[in-house]
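Subject: A structure for you to look at

Hi there,

Here is the structure I promised to pass on. Please open it alongside this email, and then read on for what turned up in it.

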Amino acid sequence: MSAPAPAALDLTPAPGSAPPTRRVLRHARTEAMLLARNGEQLVLALVIPLGLLVLGRIVGGSFGDLSVLAPSVLALAVWSSAFTSVAISTGFERRYGVLERLACTPLGRAGLLTGKALATAAVVFGQLLVIGSVAMALGWRPAITGLGFVLSVLTVLLAGIAFSGLALALSGRLRAEVTLALANVIYVVLLAGGALVLPLDRYPAMVQSVVGLLPTAALGEGLRAYAIGGAPLWPLLSLLVWSGLGLLAAWKGFRWTS
Amino acid sequence: MSTPVAALVVDRLSVTLGGRAVLDGLSLTASPGRLTAVLGPNGAGKTTLIRCCTGLLRADTGAVTVLGRPAGSAEVAARVGLMPQSTGAWSGIRADELLHYLAGLYAHPHDVDTLVRRCGITSFARTPYRRLSGGQQQAVNLAGALIGRPELVFLDEPTAGMDPHARRATWALLDELRAAGVAIVLTTHAMDEAQTLADQVYIVDAGRVTVAGTVDELTAGDRTLEDVFLAHTHGAVR
């Protein structure tokens with residue numbers, strides 16, 4: 001019996017790019033789908049934040065106060081997706097040659113980064129929606145004002161830019177395995193010691209001024225304050241500086257090939 | 001008869017990485033409807049050459065012109081296909097998902113199902129990329145390089161890891177591609193592959209072309225291509 005004939009294919013060149021919006025959306029959708037499919041990423045994105053929320057309600061006391069716990073866990077979710085997930089996934093994309101391949105398609109480097117940013121934003125939005133809903137189901141009633149809501153959105157946006165910029169700088173320089181280890185260590189260290197989940201005033205007085213300079217502190221303190229009707233501007237200013245530093249680090253440090 | 005315009009012109013290209021001259025005044029050309037093979041030992045600079053041609057690396061001196069434009073121009077991105085040497089795909093994506101995604105970046109891509117059948121991917125189209133064998137990953141990567149119907153393709157060791165059946169099928173596909181007018185630049189260690197497929201061969205060693213010609217020119221006088229390769233290159237193990 002003879003082998004089946006190969007499928008007919010007209011190989012005559014007919015190059016052309018899809019419209020830029022379609023390319024970027026296609027990329028964002030693919031990255032978001034892969035993130036959602038990855039078990040480790042889901043643990044970071046939802047399981048740990050939701051676990052902390054439920055644990056807080058079980059433990060009770062000052063740790064279980066939802067007016068503090070809920071915005072803290074929302075801040076943690078932003079931190080996990082915009083820093084840890086971006087660093088790990090980009091590190092392996094560089095190592096596997098995904099970046100090298102896609103940078104040479106019509107998507108290009110700018111489209112790839114835009115698509116990655118959109119995918120991260122979509123995941124963060126989904127996290128905030130799920131975690132916020134669970135927190136409200138557990139009894140959280142944020143006393144946020146209109147101004148506080150706008151400041152919250154800007155704070156999350158700037159934190160996302162700052163964290164992603166730092167993540168790209170890390171993943172663009174180090175080997176994927178080193179990025180994986182380091183991103184997880186930094187995640188845990190700043191979760192515990194970066195005023196992300198614990199309010200700044202619960203740290204020893206001697207370290208408060210240093211911890212307060214961290215971008216995680218700006219995000220955590222900002223969301224906690226806005227959720228109870230406050231409207232401080234320093235978290236926003238701090239994150240503005242950190243987002244500039246993050247973008248600069250990514251610009252200087254990122255490499256497309258391994 | 002007019003000479004076809006070169007699809008690729010590499011002119012005295014030099015690149016230093018980590019203090020080492022990886023490319024050292026390398027020049028070559030590739031034309032539409034012809035397969036240009038770049039042969040060289042490990043570390044000769046083949047992958048660096050392709051990275052310069054796709055605009056991922058900048059040359060210290062010299063120039064690369066791709067389809068009449070400087071390498072890396074946005075205008076030529078859709079006209080060039082790349083099959084990188086490394087895996088080139090997310091570990092968790094399925095082969096057909098990757099090809100549908102890549103097709104979405106182009107205006108007139110190949111029909112994914114037809115390309116999947118033509119490249120022999122059908123039986124593992126729904127398998128995550130990380131679970132594919134080396135040869136299967138190569139088949140998916142080749143399809144990814146062709147999906148946008150390019151005028152020029154760079155294939156970095158396209159048949160490495162393929163079994164003889166897949167290798168012969170790939171050779172047949174490259175023959176069709178050439179007949180359709182596509183310019184093909186292929187790097188390989190496989191002498192039989194270059195001997196069978198190449199219209200023009202460049203042998204590269206230590207970042208420069210040491211000898212070039214057609215297969216007939218290089219193998220004149222009963223020499224094999226491997227004899228020529230060994231005579232014009234240095235091995236990593238001596």
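Chain B holds an open sheet of six strands in the order β6-β7-β8-β3-β9-β10, with mixed pairing. Its edge strands, each pairing on one side only, are β6 (80-83) and β10 (208-213) of chain B. On average, neighbouring strands of this sheet are turned by 15° against each other, direction ignored.

Some background before going further. This is a predicted model, in which local features need pLDDT of at least 70 and side-chain atom pairs count only at pLDDT 80 or more, while totals for chains, interfaces and linings use all residues. Residues are numbered from 1 along each chain as its sequence is written, and chains are lettered from A and ligands numbered from 1 in the order in which they are written.

Helices (H or I, at least four residues) and strands (E, at least two) are DSSP runs, numbered from the N terminus. Two strands pair if DSSP finds at least two bridges between them. Angles run from 0 to 180 degrees between N-to-C directions, and axes are lines fitted to C-alpha atoms, for helices over the stretch in contact.

Strands β7 and β8

Strand β7 (residues 152-156) and strand β8 (residues 183-188) of chain B run parallel and are joined by five bridges. Across this pairing, B:L152 stands opposite B:A183, B:F154 stands opposite B:V185, and B:L155 stands opposite B:L186. From β7(B) the chain crosses through α5(B) to β8(B), and this β-α-β crossover is right-handed (with the strands pointing away from the viewer, the path from the first strand over the helix to the second runs clockwise).

On its other pairing, β8(B) meets β3(B) in the parallel sense, over five bridges; there B:V38 stands opposite B:T187. Likewise, β6(B) and β7(B) pair in the parallel sense over four bridges, with B:V153 in β7(B) as the bridge partner of B:G81.

Are the residues of β8(B) buried or exposed? Six of its six residues are buried (20 or more other C-beta atoms lie within 10 Å of a buried residue's own; exposed means 12 or fewer, partly exposed in between, and C-beta atoms are placed from the backbone). On one side of β8(B) are B:A183, B:V185 and B:T187, on the other B:I184, B:L186 and B:T188, and all are buried. In β7(B), five of its five residues are buried: B:L152, B:F154 and B:D156 point one way, and B:V153 and B:L155 the other way.

Contact here has a cut-off: two residues are in contact if their C-beta atoms, placed from the backbone, lie within 7 Å. Helix α8 (residues 225-232) of chain B lies across β3 (35-39), β9 (200-205) and β10, running at about 30° to β9(B).

Helix α1 (residues 46-53) of chain B is mostly covered, with eight of its eight residues buried; among them are B:K46 and B:R51. Just after α1(B), B:G55 takes a positive phi of about 80°.

A second sheet

Chain B also has an open sheet of four strands in the order β2-β1-β4-β5, and here the pairing is antiparallel. The edge strands are β2 (20-30) and β5 (69-70). Eight bridges link β1 (residues 8-17) to β2(B) in the antiparallel sense, and B:L17 has B:R20 in β2(B) as its bridge partner.

Where chain B touches chain A

How many residues of chain B are in contact with chain A? There are 39, and they meet 33 residues of chain A. β6, α2 (95-103), α3 (112-118) and α5 (164-179) of chain B each supply at least two residues of this side, with the largest share, four residues, coming from α3(B).

The whole chain

In total, the secondary structure of chain B comes to eight helices and 10 strands. Buried residues make up 50% of the 238 residues in chain B, and its C-alpha atoms fill a box of roughly 45 × 45 × 40 Å, taken along the principal axes.

Enjoy exploring!
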